[in-house]
Amino acid sequence: MKFSPLTRRRNTSARTLLMCCGLGSMLLSGATHAQETVTTTAVSCPAQDFSPFLTAFRNDVQIQRAFTTIPLAYSMLDDEFNPRHFSMQAADFTFPVMASTQSVHAEGIIAEVSVQKDTATVAEQQAGTGRYTVYLFQRQNGCWRLHAIDDQST
């Protein structure tokens with residue numbers, strides 16, 4: 001069973017998540033990991049500026065696959081609201097990793113975007129659900145890449 005960042009629910013026990021998805025051995029210990037980008041086909045950088053890149057990234061799973069850094073740094077809160085950190089390989093999660101523009105509007109998700117030089121964050125929250133997720137992008141080799149997901153949902 002693969003883990004999907006978009007389908008995690010509040011009542012999901014972190015221990016169960018670790019056991020069922022094989023994430024237990026991937027806890028980060030502060031070690032530096034080699035990074036690679038998952039590419040199934042050659043996909044060109046959709047945009048140099050972050051705003052149009054984000055639109056393309058949200059709406060195209062192939063772009064998400066091509067421009068997600070692997071291993072992907074992922075953190076979430078456990079049942080006691082303690083942060084847990086993981087280093088996820090492509091085989092450990094499913095795409096899409098981020099909601100489409102249509103889903104954002106339909107589900108009432110509020111997104112706050114911040115761009116500073118070669119780093120961008122997208123903080124998404126959904127009123128009344130406890131959902132709060134921060135996506136960290138970094139510009140590498142001339143294009144933006146999803147580098148980390150920090151799921152602070154309660």
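This report walks through the strands, the disulfide, the nonpolar core and the aromatic rings of a predicted model.

## Ground rules

Residues are numbered from 1 along each chain as its sequence is written, and side-chain values use heavy atoms, with hydrogens and water left out. Because the model is predicted, local features need pLDDT of at least 70 and side-chain atom pairs count only at pLDDT 80 or more, while totals for chains, interfaces and linings use all residues.

Let's start with the strands. Helices (H or I, at least four residues) and strands (E, at least two) are DSSP runs, numbered from the N terminus. Two strands pair if DSSP finds at least two bridges between them. Strand β4 (residues 109-116) and strand β5 (residues 119-126) run antiparallel, joined by eight bridges. Along this pairing, V115 sits opposite A120 of β5. The hairpin of β4 and β5 has two residues between the strands, and K117 there takes a positive phi near 55°.

On to the next pairing: β5 also runs antiparallel to strand β6 (residues 131-140), again with eight bridges. Here A123 has V134 in β6 as its bridge partner. β5 and β6 make a hairpin too, with four residues between them, and G128 in that turn shows a positive phi of about 75°.

## The disulfide

A disulfide is a covalent bond between the sulfur atoms of two cysteines. For this report, the sulfur atoms must lie within 2.5 Å. The structure holds one: C45 and C143, with their sulfur atoms 2.0 Å apart. The torsion about their S-S bond is about 80°, so this disulfide is right-handed. C45 is in the loop between β1 (36-37) and α2 (50-59), whereas C143 is in strand β7 (residues 143-151), so the bond ties together parts that are 98 residues apart in sequence.

Is each cysteine buried or exposed? The scale goes like this: buried is under 20% relative accessible area, exposed is over 50%, and partly exposed is in between (1.4 Å probe, protein chains only). C45 has 27% relative accessibility, so C45 counts as partly exposed. C143, at 3%, is buried.

## The nonpolar core

A nonpolar core here is a set of buried Ala, Val, Leu, Ile, Met, Phe, Trp, Tyr and Cys residues joined through side-chain atoms within 4.5 Å. The largest one has 27 residues, and F50, F53, F57, F137 and L146 have the most contacts inside it. At least two core residues come from each of α2, α3 (61-66), β2 (68-77), β3 (83-88), β5, β6 and β7. The most come from α2, which gives five.

Which residues does F50 touch? Leaving out residues up to four places away in sequence, F50 touches V113, V115, A120, V122, F137 and W144, where contact means heavy atoms within 4.5 Å.

## Aromatic rings

Rings of Phe, Tyr and Trp (its six-membered ring) pair if their centres lie within 6.5 Å; planes under 30 degrees apart count as stacked, over 60 as edge-to-face and the rest as tilted. The whole structure has nine aromatic pairs. One of them is F53 with F67, edge-to-face at 6.0 Å centre to centre and 85° between the planes. F53 lies in helix α2 and F67 in the loop between α3 and β2, so the pair ties together parts that are 14 residues apart in sequence. Both F53 and F67 are buried.

F93 and F95 form a tilted pair, 5.3 Å centre to centre with 55° between the planes. F93 counts as buried at 2% relative accessibility, and F95 counts as buried at 16%. Finally, F50, F53, F57, F67, F137 and W144 form one aromatic cluster.
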